[in-house]
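Hi,

Here's the structure I promised to pass along. Have a look at it first, and my notes on what turned up follow below.

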Amino acid sequence: MNSPIIELKHITKSFSGVKALTDVSLTVHPGSVHALVGENGAGKSTLMKILTGAYSKSSGEIYYKGEKVENMDPKNSKKLGIHCIYQELNVANHLTVAENVFLGSQPVNKMGFIDWKQMNQAAKEIFASLQINLDPKQMAKDVSIAQKQMIEIARAISQDAKILIMDEPTSSLSERETEILLSLVTELKNKGVSILYISHRMDEIFKVCDTVTILRDGKYIKSLPMSEVKNVDTLVELMVNRKMESYFNKVDVPIGEPILKVQNLSKTGVLNDINFDLRTGEILGIAGLVGSGRTEIAQALFGMLKKDTGEILIDDKKVEIKGPSDAIKLGLGFVTENRKETGLVLKQTVRDNISLPNLRKYTNKLFINKTVEKKESEDYKKKLNIKARSIEQTISTLSGGNQQKAIISRWMIQEPRILILDEPCRGVDVGAKAEIFAQISKLAEQGVGIIMISSELAEIVGMSDRTIVMREGTIAGELEKDMITSDNILKLAFGGGISA
Amino acid sequence: MLKNNSTSIEISRNNKNIYWKNTLFVIFDKGSTTIGLALLFIIMSIITTDFLSVDNLVNVMRQSAVLCIMAVAMTFIIITGGIDLSAGSQLAVSGVAVSGLIAAGVPIPLAILITIIIGGLIGLFMGTVISTQNIPPFIVTLAMLTILSGIAFVYTEGTPIVVSNALFREIGRGFIGPIPTAIVIMIIVAIIGHLLLSHTRFGRYVYTIGDNEEAARLCGINVKLVKTGVYAFGGAIMAIAGIVLASRLSSGSPNAGTGSELDAIAAVVLGGTNLFGGEGKISGTLMGVAIISILNNGLNLLNVSSYNQLMIKGVVILLAVWLNSIKARRKASV
């Protein structure tokens with residue numbers, strides 16, 4: 001095997017005396033895809049930030065092509081060809097695709113003005129070499145998230161990237177977009193670029209990675225070639241150090257009467273004649289590709305999307321839901337897919353975030369009874385095992401899984417009759433995932449009707465009693481319990497295997 | 001073996017350094033405004049002979065009353081992520097309104113009540129425009145700054161309305177027991193502000209809207225209503241500031257309060273309120289007000305010309321905001 005391009009040896013990093021990384025080593029070879037896996041908080045991002053120079057290591061050594069790197073600051077890291085594609089994409093929406101590729105290094109003509117012709121041409125060439133199908137002259141705001149990611153990859157390549165770090169690159173991509181991205185990863189690898197691939201999605205790691213390094217609680221567990229990893233379970237066990245029987249602890253409960261009925265719901269260009277019902281104690285899965293109208297159904301139910309036609313019935317009574325507050329009054333709760341953007345109040349504490357929709361309950365005439373409020377937050381912290389020093393900790397410092405538990409607590413206190421969960425476990429680590437699914441199952445046991453939207457087929461298969469599959473704004477099909485398989489869902493989602 | 005030992009000592013020394021750095025930072029983070037205020041207080045006590053006397057300190061507080069009342073209202077507005085550039089003009093309008101009403105023979109309590117209602121309505125109007133029409137507060141209040149100033153000038157025809165009523169003068173110049181009335185009003189406004197902000201749903205919604213409006217909406221909070229409420233409340237409080245000012249001057253002048261909105265914003269920001277919303281406290285604002293007032297008073301005692309005072313005040317504000325941004329960056333990187 002060729003000599004490594006970058007080696008990290010015995011890296012330790014501590015913040016205010018707390019160790020985030022202990023004795024972690026990592027060796028990346030040129031032209032290989034190296035997976036970095038671990039639960040949230042295992043130290044993946046810290047390690048990544050040490051490589052990009054955002055953090056400086058407390059001790060340990062970094063070697064680039066066998067030579068010791070003394071000061072790894074962001075500038076130096078870039079110079080060595082280390083680039084990172086973060087989850088939050090760094091694309092200026094009001095510039096063209098080509099400008100975004102050459103952001104900060106736009107080619108200029110003799111007069112010092114931007115040389116558009118040359119820039120568009122150069123962008124086109126990079127796209128061609130990576131087999132990306134994208135028009136350089138398009139405005140960046142008009143392209144999809146997947147394409148924005150490709151812009152960033154092209155930018156890294158234009159700057160002669162040797163090592164590309166990808167942090168959860170597929171977390172917001174649809175299945176098909178993921179396929180395209182994965183083939184791009186292979187393309188980059190063939191060009192000799194090394195890729196450090198961070199992901200929670202095990203199937204992707206098996207598809208594209210050559211080597212895997214496992215971190216747990218900031219400690220190095222081991223690195224091994226993927227050829228020696230038998231299956232997902234082996235990897236998961238190394239990550240969590242306890243046997244995961246199943247993420248899903250779905251308990252089958254008797255399903256009751258219909259509580260919610262949606263009839264002929266339509267919204268031009270988004271939803272087309274949607275009909276379904278939801279019963280008490282039932283978990284209804286909504287599957288389909290990103291953009292197929294899954295989230296829009298939830299938004300229409302919660303009064304965030306104005307429907308053109310159609311009716312919503314709760315307990316067989318027609319209801320008008322004009323906004324979230326109407327929905328809440330009718331007993332609905334909604335855990336949205338973008339925790340940071342639409343769920344969390346980041347500057348506030350865990351307690352604030354849990355009690356947000358429930359303050360009325362704690363208010364005695366004029367003032368909030370903080371004793372009652374604290375007690376309830378404290379109870380839910382225990383009940384859902386929210387890992388935080390105290391309920392007064394700022395929520396932004398918690399891991400994704402624990403933040404999500406706080407949001408779920410928020411709605412549980414409301415005692416909703418219908419709970420909608422959109423991607424409940426996106427960016428949530430394996431341990432917290434199991435806990436969240438156990439809670440969802442428990443709520444169903446108590447008779448709550450649950451709508452669960454997910455891109456993870458395993459989650460739909462593992463959790464739902466019944467599943468509707470969306471395709472291009474319509475319900476492509478409904479699957480009863482014993483028919484819910486990945487195969488069936490995918491067939492429906494893609495239109496019987498034939499792409500439209 | 002030896003070598004190992006020395007590295008471990010080095011590491012522990014390193015850790016110690018980091019520990020001290022962090023401890024210092026925590027002190028700085030939690031109390032930079034307090035430390036700044038204390039330093040300013042000590043420096044002024046040393047370099048001037050008259051600063052540290054009961055008379056002067058009471059005087060400082062009395063002079064700061066108007067600014068403080070304004071700053072309490074401004075704190076609410078800034079926490080929602082908004083701003084009120086028209087505060088100074090609101091002072092002028094309420095000053096001429098209350099003076100005009102009294103001059104027209106309206107009983108004083110009624111005149112005050114009507115003025116506060118007018119202030120509330122001005123705020124209600126601005127809040128409604130901001131929250132329902134989605135026009136940035138900066139623009140709406142900037143426009144209101146000139147509109148309200150114009151109204152004050154048109155109403156008074158450019159000359160102050162003098163109020164010779166002795167009872168009215170009591171508000172700005174009188175005493176309740178040993179304490180100046182203006183200070184009592186200031187304290188009441190600050191307490192109401194604090195209770196509203198920290199102990200009511202309204203206050204919690206104010207913070208939430210400033211931090212994540214969409215999350216607030218999804219939790220069933222009527223964002224438009226709360227925002228409008230903040231500006232209406234702010235308008236009523238600004239009117240109280242205007243009444244106190246008019247009483248102190250014994251007249252309602254269309255020029256009164258000009259530019260004071262900037263002092264109020266500066267006090268709020270000095271007090272650690274995040275100019276982008278979501279964070280801030282009334283206690284911080286009180287300290288910010290104290291810093292600006294002590295600075296004003298001290299520089300006067302030192303006979304620093306008013307032009308130089310402007311420069312010094314600007315530098316202090318810039319310095320404070322710079323320190324805040326260092327804190328924010330430091331927090332983000334940890």
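Helices here are DSSP runs of H or I with at least four residues, numbered from the N terminus. By that convention, helix 2 of chain B passes helix 11 of chain B in a right-handed crossing.

Before going on: this is a predicted model, where local features need pLDDT of at least 70, side-chain atom pairs count only at pLDDT 80 or more, and totals for chains, interfaces and linings use all residues. Residues are numbered from 1 along each chain as its sequence is written, chains are lettered from A in the order in which they are written, and side-chain values use heavy atoms, leaving out hydrogens and water.

**Chain B helices**

Which residues of helix 2 of chain B meet helix 11 of chain B? Among them are Leu67(B), Met70(B) and Ile78(B), and the residues they face in helix 11 include Ala264(B) and Val268(B) (contact means heavy atoms within 4.5 Å).

**Chain A domains**

An automatic or database domain assignment gives chain A domain 1 (6–241) and domain 2 (247–494). Their C-alpha centres lie 32 Å apart. In contact are 14 residues of domain 1 of chain A and 18 of domain 2 of chain A.

**Between the chains**

Here 25 residues of chain B touch 33 residues of chain A, and two salt bridges are found across the interface. Arg204(B) forms a salt bridge with Glu373(A), with the closest N and O atoms 2.5 Å apart.

Cheers

How values were computed: Left-handed = near helix turned anticlockwise from the far one by under 90°. Helix = DSSP H or I, 4+ residues; strand = E, 2+ residues; numbered from the N terminus. Salt bridge = Lys/Arg side-chain N within 4 Å of Asp/Glu carboxyl O.
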